[in-house]
Amino acid sequence: MNIFDTVTTRNALDFESLTLRLKTAFIKGCHVPLRHSHKIDGDSEGTVLIMPAWEDNGYLGIKTVNIFAGNATRGLPGLHSTYVLYDAKTGRPLAQMDGNEITSRRTAAASALAASYLARPNASRLVLLGAGRVGSLVPEAYRTQLPITQVDVWDANPAAVNALVDRLNGLGFNATAVQDLEQSVRQADVVTCATLATEPIVQGQWLSPGSHLDLIGSFTPLMREADDDCFRNAALFVDTEEAPQKSGDLLGPLSRKVISSDDIKGTLSALCRGNVNGRQGNLERTVFKAVGTALEDLASAGQVFERNA
């Protein structure tokens, strides 16, 4: 079995090719059971997530995510992830690779893929909320799909903002730290949220006509990045049909009758397959809510294997 480390995994997942790989995967589809979640009790409490997916006569993959919040006191990351890829016809192990790299890069690439359907084609100004592992990759992913040049960065950690601004400027973006979040959002073509917020950060009244709101941070019922007004009078799309049951961003507005399930216009698969239309005109405001899917992990792992085996 091949072992691909962090650098090898990362280098195989450039965003231009990865976005195309994800598009093909969403068109083709695969088998994605509900993820398994297990609590670990002991000296430290943890959670293990097990996310399988497989293709007919293709690849079989399993991502294992270990979440131990107490690791901060040990000077360790709170999350560790590995991915194991198999031959779906025989069950033969093919490779083990860095699950953190797969998760962060496929999340940013899926966000950019959705934006290629939902943002204005001339979108050039991105406001990024969240300068962490995933958020820091979003501008690079978007640039493969849209003419993004200006990036305004906001995060609760000023040091993370400054570090990301410096890195993005080095990559050729015109990046600045957000001084006034409302003003930055009002001027944005695209607003991406990749935070761990539990209360809304973005207010719908700030979003301009024709803007695209990309929500990729809230993946549990207790997490929320956008207020109810963000969803009113907007064309709403989701990455998978599981999103309305997983994310507080959607569970709240649905329970308060701000939106109904009928207001969800389609999934990312439906967009890629051409079963639903994306943006309808320059003044339409769009929203994309993602919670992630093992389909994206499997597609990414297949690319890593094929480039290195």
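A word on handedness to begin with: a crossing counts as right-handed when the near helix is turned clockwise from the far one by less than a right angle, and as left-handed when the turn is anticlockwise. Keep in mind that this is a predicted model.

By that convention, helix 2 and helix 10 make a right-handed crossing. On the helix 2 side, the residues in contact are Ser17, Leu18, Arg21, Leu22, Ala25 and Phe26; the helix 10 side includes Leu295, Ala299 and Arg307. The contact has six nonpolar, four polar and four charged residues.

Helix 10 also meets helix 3, residues 99–118, with axes within 9 Å and a crossing of roughly 110°. These two are therefore roughly perpendicular. Ile102, Thr103, Arg106 and Ala110 of helix 3 touch Glu296, Asp297, Ser300 and Ala301 of helix 10. That contact divides into three nonpolar, two polar and three charged residues.

Six strands form an open, mixed sheet, ordered 1-6-5-4-3-2. Strand 1 (2–4) and strand 2 (36–40) are the edges, each with a single partner, so one side of each has no neighbour in the sheet. The twist averages 15° from one strand to the next.

Strand 1 runs parallel to strand 6, residues 93–98, joined by three bridges. Phenylalanine 4 sits opposite methionine 97 of strand 6.

Finally, helix 3 lies across strands 3, 4, 5 and 6, at about 90° to strand 5.

Notes: Residues are numbered from 1 along each chain as its sequence is written. This is a predicted model: local features need pLDDT of at least 70, side-chain atom pairs count only at pLDDT 80 or more; totals for chains, interfaces and linings use all residues. Side-chain values use heavy atoms; hydrogens and water are left out. Helices (H or I, at least four residues) and strands (E, at least two) are DSSP runs, numbered from the N terminus. Contact means heavy atoms within 4.5 Å. Ala, Val, Leu, Ile, Met, Phe, Trp, Tyr, Cys and Pro count as nonpolar, Asp, Glu, Lys and Arg as charged, and the others, Gly among them, as polar. Axes are lines fitted to C-alpha atoms, for helices over the stretch in contact, and angles run from 0 to 180 degrees between N-to-C directions. Angles under 35 degrees count as roughly parallel, over 145 as roughly antiparallel, 65 to 115 as roughly perpendicular and the rest as oblique. Two strands pair if DSSP finds at least two bridges between them.
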